[in-house]
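Please look along with me.

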Amino acid sequence: MLYGITAAATALLLSALLAGVLRTPALRLGITDRRRRRPLPLSGGTAVALATVLVAAGADAAGLLPLGAGVGRVVAAAGCVALLGLAADLRRLRWWVTPAGTAVAAGFVVPYEETGAAAGAAAVAWIAVATTVFRGLDHADGLAGAVGAVGAFGVAACATAELMDGLAALMGVLAAALAGFLLHNWFPARAGLGSAGALFTGFLLASSAVFVRAGQGIGAGVAVLYALTAIACADAALVVLGRRLDRRAVTRGRPDHLGHRMRRLGLAPRAVPVLLGAGSAGGVLVAVCVHTGRLSPGAAWWVAAAAAVPVLVLVRRPVTPVFRPRQRVASASSQVSEQLRVRSG
């Protein structure tokens with residue numbers, strides 16, 4: 001217990017330190033968020049990945065928190081996925097490259113001896129999809145970090161119930177690393193997560209959840225895996241449905257994610273990650289209760305119904321930029337001045 005707390009505290013401090021130190025190199029190398037008016041260095045992803053891998057591998061090598069062979073493969077594969085995400089941050093890749101690479105990495109970590117061939121193939125597909133949809137949460141300050149930390153606590157609770165101490169410790173380290181990153185990512189963000197951090201976090205959460213549920217009931221497993229990722233799934237469903245209704249390409253990026261549309265309702269930037277983090281906590285609580293047998297797998301339908309409400313409410317919200325009143329006044333004044341100048345000329 002003491003070693004786990006020490007490892008988590010170390011990961012938190014190391015992640016916070018690296019996220020700040022790596023800001024300048026990220027700016028110089030052009031590893032920035034291209035969707036913002038001012039460049040936002042994506043140093044948080046590298047910080048979270050390095051802090052998690054270094055602390056987990058160091059504690060395992062020292063014999064303080066033995067991870068086990070299977071969990072060690074998960075950490076190594078997550079590191080490879082983070083490198084793929086870093087390549088995506090450096091230059092634009094085709095939309096299918098990161099899901100395909102994630103699926104290949106997932107193929108090396110699924111415990112086929114416990115899942116079987118068919119369920120193992122389904123687990124590989126689910127890990128790739130869950131990682132991809134989690135990446136979509138990196139569109140608002142503090143959102144991906146908050147949802148990821150909540151999800152890590154949920155997987156840790158499920159692992160603890162199965163006496164998987166190494167996996168539970170790894171999830172605690174991941175949650176702490178995300179907490180350290182959030183010190184730089186809370187609005188207004190000074191560092192972003194980027195594809196490297198989002199893919200690393202999503203892959204580690206999804207593959208760890210598969211490890212916990214391997215060899216158990218399929219129905220309950222589907223319920224647990226969905227409830228752990230309900231917010232990310234709702235965001236993906238909203239994006240796909242909205243773009244299809246607008247007859248736009250699903251793979252073409254737009255400011256139409258869950259956080260974007262919630263901002264159009266007038267919510268403050270800090271309120272978005274708080275509300276969605278609370279929603280994620282509700283889904284995680286249901287997942288833990290289903291995993292431990294305190295709730296039936298049917299409880300996941302309540303999570304799905306609750307997640308469907310914001311999707312249906314927000315799918316028709318406009319996603320075009322909304323100017324502030326002061327900007328509208330300034331724009332109108334400039335138009336009047338231009339018309340007077342033309343007439344006088």
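Is L12 buried, exposed or partly exposed? I looked it up: L12 is partly exposed, with a relative accessible area of 30%. My cut-offs: buried is under 20% relative accessible area, exposed is over 50%, and partly exposed is in between, with a 1.4 Å probe and protein chains only.

Before going on, I noted that this is a predicted model, in which local features need pLDDT of at least 70 and side-chain atom pairs count only at pLDDT 80 or more, while totals for chains, interfaces and linings use all residues. Residues are numbered from 1 along each chain as its sequence is written, and side-chain values use heavy atoms, with hydrogens and water left out.

**Entry: the patch**

I found L12 in helix α1, residues 2-21. Helices here are DSSP runs of H or I with at least four residues, strands are runs of E with at least two, and both are numbered from the N terminus. Together with L13 and L183, L12 makes a nonpolar surface patch of about 290 Å². Patch members have over 30% relative accessible area and no salt bridge; like charges are joined within 9 Å, and nonpolar side chains (Val, Leu, Ile, Met, Phe, Trp, Tyr) within 5 Å. The areas come from the Shrake-Rupley method with a 1.4 Å probe, and for residues only the protein chains shown count as cover.

**Entry: the core**

Which residues touch the most other members of the largest nonpolar core? I noted L170, M171, L174 and F203, in a core of 90 residues. Helix α9, residues 165-185, gives the most to this core, with 12 residues. A nonpolar core is a set of buried Ala, Val, Leu, Ile, Met, Phe, Trp, Tyr and Cys residues joined through side-chain atoms within 4.5 Å.

I then followed L174. Leaving out residues up to four places away in sequence, L174 touches V48, T52, A152, F200, T201, L204 and L205. Contact means heavy atoms within 4.5 Å.

**Entry: the salt bridges**

How many salt bridges does a search of the whole structure find? The search gave me 3. I count a salt bridge when a side-chain nitrogen of Lys or Arg is within 4 Å of a carboxyl oxygen of Asp or Glu. Side chains of opposite charge can pair when their charged atoms come close.

One of the bridges joins the side chains of R243 and D256, at 2.8 Å from N to O. R243 is in helix α12 (residues 230-245) and D256 in the loop between α12 and α13 (258-264), so this pair, 13 residues apart, links distant parts of the chain. R243 is buried at 4% relative accessibility, and D256 is buried at 0%.

D246 lies in the loop between α12 and α13, and R316 in the loop between α15 (299-314) and α16 (325-344), so the pair ties together parts that are 70 residues apart in sequence. D246 is partly exposed at 34%, whereas R316 is exposed at 58%.

**Entry: E162**

What does the side chain of E162 make a polar contact with? I found the side chain of H291, at 3.0 Å. A polar contact is a pair of N or O atoms within 3.5 Å; within protein, one must be able to donate a hydrogen and the other to accept it, and residues adjacent in sequence count only if both atoms are side-chain atoms. E162 sits in the loop between α8 (143-161) and α9 and is partly exposed at 32%. Beyond its neighbours within four places in sequence, E162 is in contact with V212, Q216 and H291. I also wrote down that E162 and R213 are 51 residues apart in sequence and 9.3 Å apart in space, C-alpha to C-alpha.

**Entry: backbone notes**

In the loop between α8 and α9 I also found L163. L163 has a positive phi near 60° and is not a glycine, and L163 is exposed at 70%. R247 is not a glycine either, and has a positive phi of about 60°. R247 is in the loop between α12 and α13 and is exposed at 80%.

Finally, I looked at P188, in the loop between α9 and α10 (194-213). The peptide bond from F187 to P188 is cis, with omega near -5°.
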